[in-house]
Amino acid sequence: MGSFTLVKARPKTADKRVKPGRIHAVLTTLGSEIAQDLIPVGAALPPEHDLEVRFGVGRGVIREAIKTLAAKGLVSVRPRHGTHVRPRRDWSLLDRDVLAWLVGKDEPDRELLLAIQEVRSIIEPAAAAMAATRATKTDRQRINAALTAMETSHDQASAIEADKAFHLAILDATHNPVLQGFRSAIDTILSTVFLVAVGSAGWFEDNLPNHAIAAHAINEGDADKARTAMEQVLGYTEFKLSKRRTSAARAAAAKPAVNGKTKRKRHVS
């Protein structure tokens, strides 16, 4: 009876290293094209084979990317009917990627940003009032440390990070597990809004006093004062976003006509 040597199959580590990056590249490109109406609502995505050729990847990569798009609500996949873009009301608009695709354009949609501000106005003033009655010593220290970081920041990046830390610390200080479940969504919302609002003159510095009043109210346990102060914080940001929207609209109206028609930029509906 002859002998043989068992040769173990070499693990495909290279594919596993490369595949996530390829999936992300396909996902980001298709997600951005859907968000920018290059693939409009109701339209079908190209067949799998065409996408494989376009991106130079295998079928597995394409299917994983489309599976992720479906999980985020952007597309529906039906056997023998293809993959179609779903209405925007079905999209997971609080998803970090979806927001980035929608806002990461040359001229972000101000209506979307103002809708996001409305969500903040529902959650954050109530959270500030709750934090005033529930914050622990550690919670108050986090809020005050974030405020100090805001007041001493010397560049845009550190200012934004400190501002985000301030709002998230207040949300954590509610000690309400359901409200804390919004933490990731609020984090995403803040990142999105700040990246746009930061271009407005005085947006950060002029709003610092409102943040300070909110922090002091929480320190004092004054729920009504904390709620009102947070409403002022959000109201100022909304004012700045509205002002930028008006300025953008005027700039668009002033653009020269193309072939006798005013060139208009498409917006997310």
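Modeller: A salt bridge is a side-chain nitrogen of Lys or Arg within 4 Å of a carboxyl oxygen of Asp or Glu. The model is predicted: local features need pLDDT of at least 70, side-chain atom pairs count only at pLDDT 80 or more, and totals for chains, interfaces and linings use all residues. Residues are numbered from 1 along each chain as its sequence is written, and side-chain values use heavy atoms, with hydrogens and water left out.

Colleague: What makes Arg86 and Asp90 a salt bridge?

Modeller: Their closest N and O atoms are 3.7 Å apart. That is within the limit, so the pair counts. A search of the whole structure finds 14 salt bridges. Some of them share partners and join Glu48, Glu52, Arg59 and Arg63 into one network.

Colleague: Why is Arg86 called partly exposed?

Modeller: Buried means under 20% relative accessible area, exposed over 50%, and partly exposed in between (1.4 Å probe, protein chains only). Arg86 has 28%, so it falls in the middle class. Asp90, at 30%, is partly exposed as well.

Colleague: What makes Asp95 a cap of H4?

Modeller: A side-chain oxygen of Asp95 lies 2.9 Å from the backbone nitrogen of Asp97, at the N-terminal end of the helix. A polar contact is a pair of N or O atoms within 3.5 Å; within protein, one must be able to donate a hydrogen and the other to accept it, and residues adjacent in sequence count only if both atoms are side-chain atoms. The distance is therefore inside the cut-off.

Colleague: How do you know that S1 and S2 pair?

Modeller: Two strands pair if DSSP finds at least two bridges between them. Strand S1 (residues 75-78) and strand S2 (residues 82-85) have four, in the antiparallel sense, so they pass. The hairpin has three residues between the strands, and Arg80 in the turn has a positive phi of about 70°.

Colleague: Why is Gln117 called buried?

Modeller: Its relative accessible area is 1%, so it is well under the limit. Gln117 is in helix H5 and, leaving out residues up to four places away in sequence, touches Val193, Leu234, Thr237, Glu238 and Leu241. Contact means heavy atoms within 4.5 Å.

Colleague: What makes a set of residues a nonpolar core?

Modeller: They are buried Ala, Val, Leu, Ile, Met, Phe, Trp, Tyr and Cys residues joined through side-chain atoms within 4.5 Å. The largest such core has 71 residues, with Ile34 and Phe166 making the most contacts inside it. Its largest share, ten residues, comes from helix H5 (residues 110-134).

Definitions and conventions. Helix = DSSP H or I, 4+ residues; strand = E, 2+ residues; numbered from the N terminus.
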